[in-house]
Amino acid sequence: MDVTVTPLPGLGTRQDFTTRSGHRVGVITYRDGRLQLIVSDHEDPDKVATSVDLTTEETSTLANLLGAPHLVARLTEQQREVTGITTRQLPVAPGSPYADRTLGETEMRTRTSVSIVAVVRDGTVHPSPRPDFRFAGGDLVVVVGTADGLRAAGEILERG
């Protein structure tokens, strides 16, 4: 499925795809963090027929309903095709230095070259968490990277 990413100067980005029935469905991510689910007009794909503003929690719930729990399984399957890349779930223990701190504060990608692709909390998957996503004790952080990077990421979440 092809996803089209369209920059919206001064606003944010629009990401959408065309359904089999010919509708364009997508999300507008505003620079201030707001998210909007959109369905384009069937006759004019540049015209939004309907939209729904979503909170972060509502976005996560919708992602969960649409199959986000399969994210980890798909990543594991896909990583088999790429030599040297591994997917792992790392815990954020209640006593972790990053419990109740944001993803951005970990500087994970800069420090380890590992990507955080999702966070699982209380059975709900939060895919593609933003830098302002706040970790909680008990979270499972889904990371992708090299074996060395994953080891370092685990140490960061455990010790800081």
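How much accessible surface does the protein have, and what percentage of it belongs to carbon and sulfur atoms?

A: The accessible surface of the protein comes to about 9900 Å² (by the Shrake-Rupley method with a 1.4 Å probe), and 52% of that surface belongs to carbon and sulfur atoms. This is a predicted model, in which local features need pLDDT of at least 70, side-chain atom pairs count only at pLDDT 80 or more, and totals for chains, interfaces and linings use all residues. Residues are numbered from 1 along each chain as its sequence is written, and side-chain values use heavy atoms, with hydrogens and water left out.

The protein has five helices and nine strands, taken as DSSP runs of at least four residues (H or I) and at least two residues (E), numbered from the N terminus. Four of the strands make up an open sheet with antiparallel pairing, in the order E6-E9-E7-E8, where two strands pair if DSSP finds at least two bridges between them. Strand E6 (86–91) and strand E8 (124–127) each have a single partner strand, so one side of each is left without a neighbour in the sheet. From one strand to the next, the twist averages 25°.

Helix H5 (residues 147–159) lies across E6 and strand E9 (140–145), and runs at about 10° to E6, an angle taken between N-to-C directions on a scale from 0 to 180 degrees, with axes fitted to C-alpha atoms, for helices over the stretch in contact (heavy atoms within 4.5 Å).
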